[in-house]
Structures are given as C-alpha cells and as structure tokens.
Amino acid sequence: MDAPPTTTGTQPRGLQPETMAGASNESIELPMDQREVVFDCRELGVRYAGVRALRDVDLNIHRNTVTALIGPSGCGKSTFLRCLNRMNDLIPSAVVDGACLYHDEDLYGPQIDAIEVRKRIGMVFQKPNPFPKSIYDNVAFGPRVLGMKDGLDDRIEQALRRAALWDEVKDRLRQGALGLSGGQQQRLCIARALAVEPDVILMDEPCSALDPISTAAIEDLMTDLKSEYTVVIVTHNMQQAARVADMTAFFSVDQGETGTRCGVLIEVDSTEKIFTKPSNERTEAYVTGRFG
Amino acid sequence: MRVGFQDELDELCNGIQAEGRLTAIAVSEATRALVDWSVQAFDATLAAESEVKLHYNETEVRVETLLARQAPVAGDLRTVLAALHINRSLERAAHNAARVAHLATPPPRRALVEEAVITDALRAMGDRGAEMVRTAIDTFERRDANAARLLSALDELVDRENEKIADTILTMENNDPELRKWAARMLFAGRWLERVGDHAVNVAERTTYMVTGESTATPSGPT
C-alpha cells in the first residue's frame with residue numbers, strides 16, 4: 001500500500017468509546033443534514049494494481065441514518081463501502097487516496113488500528129457466512145476474541161434480540177448455525193456484528209441471496225437498527241433502497257478516452273428526492289431503468 | 001431500456017391527450033347548446049362527455065397497472081401521478097360541460113339588454129374555457145412547464161365574466177318569474193363554466209409538476 005493519507009490529529013478521537021453505539025441516539029430526532037457526520041469522505045478514490053476503480057468521492061454519512069449506495073455493476077459502490085472499514089487493506093494491490101474521516105479522525109491515519117476500525121465498523125456480506133459452530137459461539141466469537149467476556153450471555157442475548165432472531169433461536173442456542181434458514185443465517189451474521197458493539201454496520205447486498213420474506217425481515221431490521229447504529233448498504237435492488245434508506249448515493253461509471261472505466265459518485269440526496277426528483281440526468285436515467 | 005414500460009407510459013399520455021381534446025369539444029358544444037339552443041350541440045356534448053368517461057376509466061386502470069407492475073420512479077412517477085390528477089380534472093370539466101348543456105333554455109325576452117349581457121358573457125366563458133382546455137392539453141403534450149401562468153391569466157378573464165353575470169342578475173329590476181327562473185339557470189351555467197377554467201389551470205399545474213417536480217397545484221373542489 002501507498003503511504004496513508006495525512007492524519008490531521010494526534011489522538012484517534014474517532015475511535016474512542018463515546019462514539020460507539022448506544023452512547024447517544026439523540027441525533028435521530030434531528031433533520032438528516034443536522035445529524036452528526038460519522039464519515040466525511042473527501043476526494044476518496046481507490047486503485048487496484050495501478051488501475052483506478054473509483055475517484056473523487058465527496059460524501060458525508062450521517063449518524064442514525066440508513067444510507068444506500070446504488071449504481072450499475074462496476075461503479076465502485078462496493079469498493080467505496082469497503083473503504084469505510086479498511087477492508088480494501090486486505091487486497092495487496094489496493095491503494096486508497098483522498099481522505100476518509102470517521103468522527104473527524106483520519107481512518108487511514110498512521111496511528112489507527114485497522115482491527116479496531118473493523119470492530120467499530122462491522123460488515124455483513126452478500127452471502128450469509130456463519131461459522132460452522134453453534135449459534136451461541138457464532139455470536140460470542142467477536143466478544144471472545146476482543147476480550148469482552150464479562151456478561152457474555154447477556155451480550156449474546158442482546159445481540160440476537162437486536163437482530164430480531166432471539167425468539168426463533170433462544171431454545172437452540174447450542175445447535176449448529178448452519179441448520180438455520182438463509183434469512184436466519186443472515187440475521188445471525190448481523191447479530192455477530194452487533195455483539196462487539198459497533199458504531200456502524202456496513203451491508204454489502206445483504207438480501208441478494210434471500211427470499212422475499214427473509215428480505216422483508218432484514219429490511220425491517222435495518223429500520224430498527226438505525227435508532228442505535230449508522231447503517232450503510234450497497235444494493236442492486238432500487239426498490240429496496242427506496243424502502244429502507246434515508247439517504248441514497250448514486251454511483252456510475254465514467255469511461256476514459258483510452259477505454260478505461262472508473263467509478264464516480266454522481267449524486268447523493270435524500271432517498272425521497274432521488275426517487276421523485278433527482279437533480280442529475282444520469283441518476284434519472286438509472287432509477288427509471290433507461291440506463292444500466 | 002424498459003421498452004414495454006415506455007409503451008405503457010406513451011399509451012397513458014396519448015389517452016390523456018385524447019380525453020383532453022374530447023373535453024374541449026364537450027365544453028365548446030355545451031356553450032353552443034346553451035347560448036344558441038342547438039339540439040345537435042346538446043347531443044354532441046353528451047356524446048363527448050360519454051367518451052371522456054370511457055377514457056377516464058381506461059386511464060384509471062392504466063395508472064393502477066403501471067403503479068402495481070412497473071413501480072415507476074422519478075420523472076416516470078411524476079408522469080403517472082400527473083396523469084391521475086389530470087384525468088380527474090378532465091372528467092370533471094366534461095361533466096360540467098354536460099351540466100351546462102342541460103341548462104340550455106331560450107331567454108324569455110323580458111329584459112333584452114340584461115339577457116344579451118348574460119348570454120354574451122356565457123359565450124365568452126365557454127369559448128375561453130374550451131380554449132383553455134385545448135391549451136392545457138397542448139401544454140401536457142409538449143411537456144411545457146411554463147404555461148400554468150398563462151392559463152391562470154386566462155382563468156381570471158373567465159372569472160371576471162362570471163362575476164359580470166352575477167352582478168347583472170343581482171341588479172336586474174324586472175321581477176318577471178320566467179326571467180328570474182332563466183337567470184337562475186344561467187347563474188348555474190356560469191358557475192359550471194367557471195369551474196371548467198379552474199380544471200384547465202389544474203391540468204397546466206400538474207403538467208408543471210410532471211416536468212419540474214415542483215408542485216404549484218392548489219387543491220380543487222369536488223366539482
């Protein structure tokens with residue numbers, strides 16, 4: 001990796017406990033643009049093996065909101081999502097440039113621990129990926145690794161309740177997680193992410209492998225979760241973005257003179273505006289199905 | 001590109017345009033029936049109103065189907081919502097035209113000056129109303145966001161003629177019962193023609209919303 005972007009402060013304030021979930025959810029009462037900024041991305045871009053995949057993303061993500069990232073394949077929305085918890089660090093050829101401030105702290109600053117970042121900023125993936133262990137051990141995995149062993153049973157129950165799974169599994173916590181349905185497995189993965197008390201939940205197409213009923217359960221869950229967490233979701237399902245997101249960011253692909261393709265952020269606004277009166281013609285063409 | 005969806009949207013808009021042209025005919029014929037006591041015009045009014053109702057029902061079904069099956073958003077959603085409101089305005093305008101035609105009665109020739117003033121005002125209102133409906137539908141067809149202001153100005157002229165009718169009737173000195181009865185019918189006719197102008201303005205305002213997303217529409221009454 002290249003040298004990380006300049007860090008503006010010396011103390012990683014953004015990763016202090018007061019910024020964590022449950023510390024305050026007063027901002028949910030505020031208008032969207034007045035809520036605390038959790039992520040402040042400025043000219044954020046990514047290259048893979050020298051090839052630019054995403055450029056110049058200026059985007060704020062506010063606390064206690066669900067922000068949806070939409071756009072055609074290859075537009076960089078998942079790449080952007082992975083910047084928010086430094087998942088791109090795991091790809092050797094990936095280089096992140098620009099700035100990604102998390103609670104005003106440079107997420108790519110030299111004193112920031114990527115493991116700590118991923119604890120505060122959890123992620124749920126497209127395909128449910130429970131460990132081949134019991135339901136209990138799946139949720140307990142993160143707290144055990146991080147040494148959060150006090151009151152573990154309560155922590156597990158709370159995480160499962162927040163993930164709207166407790167009532168379905170409370171009598172079989174010691175049974176294997178792989179015996180759950182796809183929708184239950186995905187909610188288990190959400191519970192696993194919640195068990196380490198994150199501040200932000202990132203979801204990369206969390207419902208694309210699920211049936212409509214499981215999808216509805218996850219969508220309801222997203223709405224519940226935003227009272228305590230900040231949620232960012234990548235989705236190919238525009239109606240899902242319209243249903244669950246407070247803010248929607250539309251990414252698209254710019255083609256250079258040499259034929260190279262690069263993801264760009266076209267427009268970000270309230271979901272209502274994006275789906276009734278988008279400002280940009282490219283957004284209009286995409287959401288109405290005339291492009292992409 | 002969703003070709004089938006675009007075809008359905010085009011059908012919806014074409015249906016609205018046809019309904020609008022029929023509504024303009026209904027208003028125009030109703031005015032002839034009212035002031036010229038033309039039986040053919042009376043029949044033509046009711047025939048046009050009947051066709052408008054058919055279009056109205058078809059449009060309702062198209063809107064329902066588009067919303068249920070295509071989940072339109074952005075400009076497409078605004079088009080569907082505008083069509084829903086415009087459909088209602090046109091149906092009401094055509095219904096008002098039929099009401100006007102049903103009020104057609106020759107004046108009793110008891111107060112010639114006042115009768116002429118009232119008849120001329122009604123003819124002006126009817127002609128203006130039909131022109132406004134045609135203009136509003138042209139506006140919709142061209143997706144012209146700026147015509148609502150012009151329609152509002154025309155509507156003021158219609159309102160003024162309606163006030164003239166009311167003032168003339170209220171100040172009539174002749175108490176002949178036949179004249180009073182005729183005048184009361186013409187007062188109602190003026191009211192229905194005045195509402196035609198309002199519905200034309202609604203069509204233009206919904207067109208502005210369809211094009212710009214900015215709503216300037218004011219809720220219209222049930223008539």
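How close do the axes of helix α2 (residues 39-70) of chain B and helix α3 (residues 74-102) of chain B come, and at what angle do they cross? They come within 9 Å and cross at roughly 160°. Axes here are lines fitted to C-alpha atoms, for helices over the stretch in contact, and angles run from 0 to 180 degrees between N-to-C directions. That angle makes α2(B) roughly antiparallel to α3(B) (angles under 35 degrees count as roughly parallel, over 145 as roughly antiparallel, 65 to 115 as roughly perpendicular and the rest as oblique). The crossing is left-handed, meaning that the near helix is turned anticlockwise from the far one by less than a right angle, while clockwise would be right-handed. The residues of this contact split into 16 nonpolar, 6 polar and 5 charged.

This is a predicted model, in which local features need pLDDT of at least 70 and side-chain atom pairs count only at pLDDT 80 or more, while totals for chains, interfaces and linings use all residues. Residues are numbered from 1 along each chain as its sequence is written, chains are lettered from A in the order in which they are written, and side-chain values use heavy atoms, with hydrogens and water left out. Helices are DSSP runs (H or I, at least four residues), numbered from the N terminus.

Still in chain B, helix α1 (residues 3-36) packs on α2(B) at an angle of about 160°, with the axes 8 Å apart. The two are therefore roughly antiparallel, and α1(B) passes α2(B) in a left-handed crossing. Their contact has 18 nonpolar, 6 polar and 8 charged residues.

Over in chain A, the axes of helix α4 (residues 152-162) and helix α6 (residues 182-194) come within 8 Å and cross at roughly 130°. These helices are therefore oblique to each other, and the crossing is right-handed. On the α4(A) side sit A159(A), L160(A) and R162(A), which meet L188(A), A191(A) and L194(A) of α6(A). By class, that gives 5 nonpolar, no polar and 1 charged residues.

As for the two chains together, the contact (heavy atoms within 4.5 Å) takes 15 residues from chain B and 11 residues from chain A. Between them the chains bury about 990 Å², 48% of it on carbon and sulfur atoms; buried area is the accessible area (1.4 Å probe) lost on putting two parts together, summed over both. There are 2 salt bridges between chain B and chain A, each a side-chain nitrogen of Lys or Arg within 4 Å of a carboxyl oxygen of Asp or Glu. One salt bridge joins E214(B) to K277(A), with the closest N and O atoms 2.7 Å apart.

Terms used. Nonpolar A, V, L, I, M, F, W, Y, C, P; charged D, E, K, R; others polar.
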